[in-house]
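Colleague: Please take me through one part of this model closely, namely the salt bridges and the places of their partners in the chain. I would like every cut-off stated where it is used.

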Amino acid sequence: MAQINPIFSVPYAFEQLDDCASLNQALRELFLRREAQGPRFANPNPYTARNKELFESNFDLFKWPEACIAELREFCLSRTAQTVAELNRYDAARMARLQIVTDAWFHITRRGGFFGVHNHPMASWSAVYCVSAGEHDADQPESGRLNFINPMTQMYLDAGNSQLGFPYQFGNYAFDLKPGMLVIFPSWVQHQVMPFYGEGERITVALNCAMHFK
């Protein structure tokens, strides 16, 4: 029997913030207030396909002074740094020199809202934190999923490779986000948010991180 090993693997990290209900409620209330102010807090130069059912903020979220933002920032950046340290085998001294430059923003998605295929140039790591998943319609299993595009999908498919199992499959991979869930992934991976069909709001925070040593 031949030895089979994954070679060109793509690392993802998953974290869950425990006891997140009060934080997420504070974030939701803050984001809804900022959304209601319209252009003042909206992304002025959107480039990824989306529709009016999705609101995207500007990218300075982690500079806001509110306590709930500080708590979220610490959680997201500390877990991203831990992921970087583990994957790169950086020791504590090396990590003390690591500088992280971050853009962060929020999305509020209502029924029918979607966000098109994109990635994040000029960053090494990106992450998505779920504030609220909304209440999905029972007959819409793909609703609001964070969908990652397999970078090998252009490969020729036939009976020899079309049914490969995880982690070798050629299909895309999608996640149902839950409140308090943080997904960390390489910024180059193409991804999208599937149309949200449900009640309430699907609310997420996204961040991009570029890193260097001081």
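Modeller: A residue is called buried when its relative accessible area is under 20%, exposed when that area is over 50%, and partly exposed in between, with a 1.4 Å probe and protein chains only as cover. Leu164 counts as partly exposed because its relative accessibility is 38%, and this residue is found in the loop between β7 (146-148) and β8. The model is predicted, so that local features need pLDDT of at least 70 and side-chain atom pairs count only at pLDDT 80 or more, while totals for chains, interfaces and linings use all residues. Residues are numbered from 1 along each chain as its sequence is written, and side-chain values use heavy atoms, with hydrogens and water left out.

As for the charged pairs, a salt bridge is taken to be a side-chain nitrogen of Lys or Arg within 4 Å of a carboxyl oxygen of Asp or Glu, and by this rule the count comes to 10. Helices (DSSP runs of H or I, at least four residues) and strands (runs of E, at least two) are numbered from the N terminus.

Helix α1 (residues 21-36) supplies Arg28, whose partner Glu201 sits in the loop between β11 (198-199) and β12 (202-213), 173 residues apart in the chain. The closest N and O atoms of Arg28 and Glu201 are 3.1 Å apart. Arg28 counts as partly exposed, at 26% relative accessibility, whereas Glu201 is buried, with a relative accessible area of 14%.

Arg34 and Glu66 form another salt bridge, with 2.8 Å between the closest N and O atoms. Because Arg34 lies in helix α1 and Glu66 in the loop between β2 (54-56) and α2 (67-88), this pair ties together parts that are 32 residues apart in sequence. Here Arg34 is buried, with a relative accessible area of 14%, and Glu66 is partly exposed, with 21%.

The side chains of Arg111 and Glu199 also meet in a salt bridge, at 2.7 Å from N to O. Arg111 belongs to the loop between β3 (98-109) and β4, and Glu199 to strand β11, so that this pair links distant parts of the chain, 88 residues apart. Arg111 is partly exposed, with a relative accessible area of 38%, and salt bridges that share partners join Arg111, Asp137 and Glu199 into one network.
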